[in-house]
Amino acid sequence: VLFLQIVHILNMTSAKIVSFLLHPEESLHSLQNRIEFETGISTGNQELLLETGICLDPRKPASQCVIDGVRGWDSYMVYLFDKSKTVYDGPFASRSLSDCVNYIVQDSKIQLPIPQLRKVWAEAVHYIIGLKEDYSRLFQGQRAAMLSLLRYNANLIKMKNNMVSASQQLKAKLEFFHQSIRLDLERYSDQMAYGISSEKMLKAWKEMEEKASQCAQAEDIGYLDEQIMALHTEIVELQKSPYARRQGEVMESLEQRAIDLYKQLKTRPADHAYSDSTDMVKIIVQTVQSQDRVLKELFGHLSKLLGCKQKIIDLLPEIEVALNNIKEADNSVMQMQGKRQREIWHLLKIACTQSSSRSLVSSSLEGTASTPAAMWLPQSSSGNTAPHPLSLLAAPEDGENFADVIRENMNYLELFSSILQEVTQEQNSMMVS
């Protein structure tokens, strides 16, 4: 018996406790099926919370419900919530009276012998203590719901901060992209008259600018930010609410009055004395009324907590979508920036190629023009007569002959043609891209 593991489940929708004997290595899903059979809450709608507000992990065994500690495993409770409900009306009916206590409540002035009255009042005190403990357990369930809400809220704040950071980064990149492409378009327009031009590339750059303007829509997260801030304010108000704190002081004082009254009765002699139960019945009625009031407040506050939690659950997918949109827009901007930079460097390569080809052609033309002139023009010296035309032909050992000059010119012509063909192909490929 000492090694048995018992889990106590407090159903917050009915304020009833159901206990289960855990089988060795039983899974949480198996336990949830048993809970569904006892409570009618489907496994998909069950939310099982520990006192700390931590939800039970479905990957772990059911024994995680039983916590070994100073208080003993039998004093811990697991709180069951129905995720399909956000408004809890609460079980406002108090626990049922025993026959003896109900007897004196029906007629508080009836005279009973002291020994019998002691037994009845002992049950009455036990009933009053039970009412207070019922409220205490339900309050702990509400506290677990609050702690769970704060965990969801912490996750919401973390995701919100990531979203705001990503939005600010996207905004900065868009501003840089717009300034860069405007400057590029201005410089491109300035050099079109004497430099390189491509209508397709110019059109592509303008389309990039329009697409970047559309990406700016992804950074607009103001509507989500407003909802999160309003929800955060609502949660803070719920934390500050007096109903978030224990409201059982009246019940505790009534419990102490009932105990003191019973102690006074025990001191009275039991020799053929009779007494009524007027004072004890008054305490019972006041305790029931006090419990009814605090439970209405408790379940009203609990409904607000669960409503806030549901709002967070509904907001989380929207934040995920916003984050994905921001990331897609960010990637699109970076791809457009990279593509434009590659095209700029492609233009620079073409410009450098054209410049080098012009300088090479001009130098080759100057060389071919000077060489024949030096060879065929007569070299006259002052005071000397012109030599014989045949003597103008240079000897092979003194320079290149005529055939070599022709061959060199043909080589330069082929080189010039290949350079022009390469430049033409690069311009065509740039326009297509």
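Which residue forms a salt bridge with Glu297? In this predicted model, the partner is Arg293, and the closest N and O atoms of the two residues are 3.5 Å apart.

View 1. Glu297 and Arg293 both belong to helix α7 (residues 278-376), where they are 4 residues apart, about one turn of the helix. Arg293 has a relative accessibility of 37% and therefore counts as partly exposed.

**View 2. A salt bridge between Asp134 and Arg95.** The side chains of these two residues meet with an N to O distance of 2.9 Å, and the pair links distant parts of the chain, with Asp134 in helix α3 and Arg95 in the loop between β4 (78-82) and α2 (99-106), 39 residues apart. Asp134 counts as buried at 18% relative accessibility, whereas Arg95, with a relative accessible area of 31%, is partly exposed.

**View 3. A salt bridge between Asp225 and Lys160.** The side chains of Asp225 and Lys160 meet at 3.6 Å, N to O; because Asp225 lies in helix α5 (residues 222-240) and Lys160 in helix α3, the pair ties together parts that are 65 residues apart in sequence. Lys160 is buried, with a relative accessible area of 16%, while Asp225, at 27% relative accessibility, counts as partly exposed.

**View 4. The crossing of helices α3 and α4.** The axes of α3 (residues 114-191) and α4 (residues 199-215) come within 10 Å and cross at roughly 155 degrees, which means that α3 is roughly antiparallel to α4. The crossing is left-handed, and the residues making the contact include Leu170, Phe177 and Tyr188 of α3 and Met201, Trp205 and Cys215 of α4. By class, this contact has 12 nonpolar, 2 polar and 3 charged residues.

Technical notes:
Residues numbered from 1 in each chain as written. Predicted model: local features only at pLDDT ≥ 70, side-chain atom pairs only at ≥ 80, totals over all residues. Heavy atoms only, no water. Axes fitted to C-alpha atoms, helices over the stretch in contact; angles between N-to-C directions. Helix = DSSP H or I, 4+ residues; strand = E, 2+ residues; numbered from the N terminus. Parallel < 35°, antiparallel > 145°, perpendicular 65-115°, else oblique. Left-handed = near helix turned anticlockwise from the far one by under 90°. Contact = heavy atoms within 4.5 Å. Nonpolar A, V, L, I, M, F, W, Y, C, P; charged D, E, K, R; others polar. Salt bridge = Lys/Arg side-chain N within 4 Å of Asp/Glu carboxyl O. Buried < 20%, exposed > 50% of the residue type's maximum accessible area, 1.4 Å probe, protein only.
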